[in-house]
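Trainee: Could you walk me through this fold, going slowly over the terms?

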Amino acid sequence: MTRPRVMGIVNVTPDSFSDGGLYADAERAVAHGQQLLADGADVLDVGGESTRPGAVRPLMDEELARVIPVITEMAAQGAVVSVDTMRATVAAAALAAGAQIINDVSGGLADPEMLSVLAGSDATYVAMHWRAHAATMADFTDYGPEGVVEGVRRELGERLDVITAAGVDAERVILDPGLGFAKTPAHNWELLAGLASLDALGRPLLVGASRKSFLGRLLADGGRPREVGKREFAHAALVALLAERGVAYLRVHDVRATCDALAVVDALADAETVGGVRQGGLP
Ligand code: PMM
């Protein structure tokens, strides 16, 4: 079992559901990124557009002004930086500023130029399952008779075909089921339970569950979802289970809690393996 890589989230946005406004200026965002690295993040994912349900898109210049100074500084400090954007122009500017990964929640659907920017670079590409922008995605949760797991597998497979047809080596692509994006809470659990069926696509998986509302719903008290900042224990439990299921990347806010959960998984796996042989459990 390989340890998943931890992608720490740096949202340079005034309105993200999970941490909106906390790191909205470059100086605070850089300090936050440094803290995430100190906590054990392998990659920093810098984003300037909130994708929370119903969010209004920022103007392109606004998005550029939010992310580029932070990417420039973090890359200069030696961090592996990912840019969370659906815009080809932002992706290109981020690569020029030192980013190595394009995290496109639309998997290339939102901007027709995205795949040519990708093809002209050597960046890694995270292609997430996506059906519509945040303003309307709640209207696209019907997966018909095939169901959400097969629907996401099929639609992600179609994206992978389009991406490789654009001249991008499949080896550069990481796939993501897109928890919460045109998904109900029940869909998210079904996808997590059915992750193994995405292995058929032959690419590493990234999962972003951190602080999402399906966890808030799970932990609801008297019908009120658990507040965003108090979902980290449930998320850490999920992290351990995802590590055991072979997920390659975890996109998270709470890097320290995530790394602690992964340390537990590692320790147990080491203890189970004696002389290179995995030991059985209790009789
Ligand atoms: N979720 C959000 C933003 N970007 N990127 C990927 N690849 N996967 C996700 O699940 C994902 C993402 C929304 O969460 P946030 O507002 O807390 O960043």
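Mentor: What follows is a talk about the sheet, one of its helices, the cores and a few single residues. This is a predicted model, in which local features need pLDDT of at least 70 and side-chain atom pairs count only at pLDDT 80 or more, while totals for chains, interfaces and linings use all residues. Residues are numbered from 1 along each chain as its sequence is written, and side-chain values use heavy atoms, with hydrogens and water left out.

Trainee: Okay, what is the order of the strands in the open sheet?

Mentor: The open sheet has eight strands in the order 6-5-4-3-2-1-8-7, with parallel pairing. The edge strands are strand 6 and strand 7, each of which pairs on one side only. Helices (H or I, at least four residues) and strands (E, at least two) are DSSP runs numbered from the N terminus, and two strands pair if DSSP finds at least two bridges between them.

Trainee: And over how many bridges do strand 3 and strand 4 pair?

Mentor: Strand 3 (residues 81–84) and strand 4 pair in the parallel sense over three bridges, and Val83 has Ile102 of strand 4 as its bridge partner. On to strand 5 (residues 124–128): strand 4 pairs with strand 5 in the parallel sense over four bridges, and there the bridge partner of Asn103 is Val126.

Trainee: How does the chain cross from strand 4 to strand 5?

Mentor: The chain passes through helix 4 (residues 114–119), and this β-α-β crossover is right-handed. Strand 3, helix 3 (residues 88–96) and strand 4 also make a right-handed β-α-β unit. A crossover is right-handed if, with the strands pointing away from the viewer, the path from the first strand over the helix to the second runs clockwise.

Trainee: Which way do the residues of strand 4 point?

Mentor: In strand 4 (residues 101–104), Ile101 and Asn103 point one way and Ile102 and Asp104 the other way, and all are buried. Buried means under 20% relative accessible area, exposed means over 50%, and partly exposed lies in between, with a 1.4 Å probe and protein chains only. In a regular strand the side chains alternate between the two faces of the sheet.

Trainee: Which residues touch the most other members of the largest nonpolar core?

Mentor: Ile71 and Ile102 do, in a core of 77 residues. A nonpolar core is a set of buried Ala, Val, Leu, Ile, Met, Phe, Trp, Tyr and Cys residues joined through side-chain atoms within 4.5 Å.

Trainee: What does Ile102 touch, then?

Mentor: Not counting residues up to four places away in sequence, Ile102 touches residues including Val83, Ala91, Leu95, Met114 and Leu118. Contact means heavy atoms within 4.5 Å.

Trainee: Changing topic, which residues of helix 3 are buried?

Mentor: They are Ala88, Val90, Ala91, Ala94 and Leu95. Seen down the axis of helix 3, these buried residues fall within an arc of 160°, so they line one face of the helix; the arc is that of the directions from the helix axis to the C-beta atoms. The buried residues of helix 3 pack against helix 2 (60–76), strand 3, strand 4 and helix 4.

Trainee: Is Ala88 buried or exposed, and what does Ala88 touch?

Mentor: At 4% relative accessibility, Ala88 counts as buried. Leaving out residues up to four places away in sequence, Ala88 touches Asp111, Glu113, Met114 and Val117.

Trainee: What about Glu63, buried or exposed?

Mentor: Glu63, which lies in helix 2, counts as buried, at 0% relative accessibility. With residues up to four places away in sequence not counted, the contacts of Glu63 include Asp84, Arg87 and Val90.

Trainee: Last one: which residue other than glycine has a phi near 55°?

Mentor: That is Ala182, whose phi is positive. Most residues other than glycine have a negative phi, and most peptide bonds are trans. Ala182 sits in the loop between strand 6 (173–176) and helix 6 (185–193), and Ala182 is buried, with a relative accessible area of 2%. Arg211 has a positive phi of about 60° although it is not a glycine, and Arg211 is found in the loop between strand 7 (206–207) and helix 7 (213–218). Arg211 counts as buried too, at 16% relative accessibility.
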